[in-house]
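User: I would like to go through some side-chain contacts in this model. Could you guide me?
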Amino acid sequence: MKPLGTFFVFAYYVVGLVTRILHPTTVEGMENLPEHGALLCPNHSSNWDPLLVVLKLPVNYRVHIMAKQELFRFKPLGWALRHVGAFPVSRGDNDIHAVKTAIQAIKGGDNLLIFPEGTVIRNGIGCKDGLPAHAKAGVAVIGVRTGATMIPVFVDGEKKLFHRTRIIFGKPYIPVYTGRHGTSEEMQKIADDILAEAYALGGQTVGGESL
């Protein structure tokens, strides 16, 4: 497969060089990734998380990122984000356009990175909503409607400069649901389960407490 574009390749190697110095990482479970059609579902403890995960994937893995809408308000940054595969989502709303974009990305043969919690979690609490860490059902809706291979991903919570961060890709999660698209309760359970699996890869419960 070809990379997302020339700008993506440039950013991948330049930003990757800087990031490897500031936040060196160790990676496990790369063998669990399908060639395409993956829905990567990491826990979310830092704004560094999407960058660290994407830069550990092959340059031609063609991963798109669902990112908060606020990042796109500064036009130069918005331009750059779109050219590296990111697209905006309005948090707290039923953003149908973002969901459709996500579904199209996977059905087109690409991959998608989405954080089930929808916000950075610090000390077990969401920075945006002030609520205890929990999954949003939208990740399950996208996974079920596209037939994507859902992969739980763990990213270490504390990011210290020049200290290693673990990234662990888990084995595919198989959702269980009834009918064609399942019930809303089933979607919530699928989202809860894959988030719990992501944290468990790092020996933690949802929110970051040790098992």
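User: Which backbone oxygen does the side chain of Asn-32 reach?
Analyst: The side chain of Asn-32 reaches the backbone oxygen of Phe-169 at 2.9 Å. This is a predicted model, in which local features need pLDDT of at least 70 and side-chain atom pairs count only at pLDDT 80 or more, while totals for chains, interfaces and linings use all residues. Residues are numbered from 1 along each chain as its sequence is written, and side-chain values use heavy atoms, with hydrogens and water left out.

User: Is Asn-32 buried or exposed?
Analyst: Asn-32 is buried, with a relative accessible area of 17%. Buried means under 20% relative accessible area, exposed over 50%, and partly exposed in between (1.4 Å probe, protein chains only).

User: Now salt bridges: how many are there?
Analyst: The count comes to 5 salt bridges, each being a side-chain nitrogen of Lys or Arg within 4 Å of a carboxyl oxygen of Asp or Glu. One of them joins the side chains of Lys-159 and Asp-49, at 2.9 Å from N to O.

User: What about the burial of that pair?
Analyst: Lys-159 is buried at 17% relative accessible area, and Asp-49 is buried at 0%.

User: Which residue forms a salt bridge with Asp-193?
Analyst: Lys-189 does, with the closest N and O atoms 2.7 Å apart. Asp-193 itself is partly exposed, at a relative accessible area of 25%.

User: And which residue does Asp-110 meet in a salt bridge?
Analyst: The side chain of Asp-110 meets that of Arg-62, at 2.7 Å from N to O. Asp-110 is buried at 8% relative accessible area, whereas Arg-62 counts as partly exposed at 22%.

Definitions and conventions
Polar contact = N/O pair within 3.5 Å; in protein donor to acceptor, adjacent residues only side chain to side chain.
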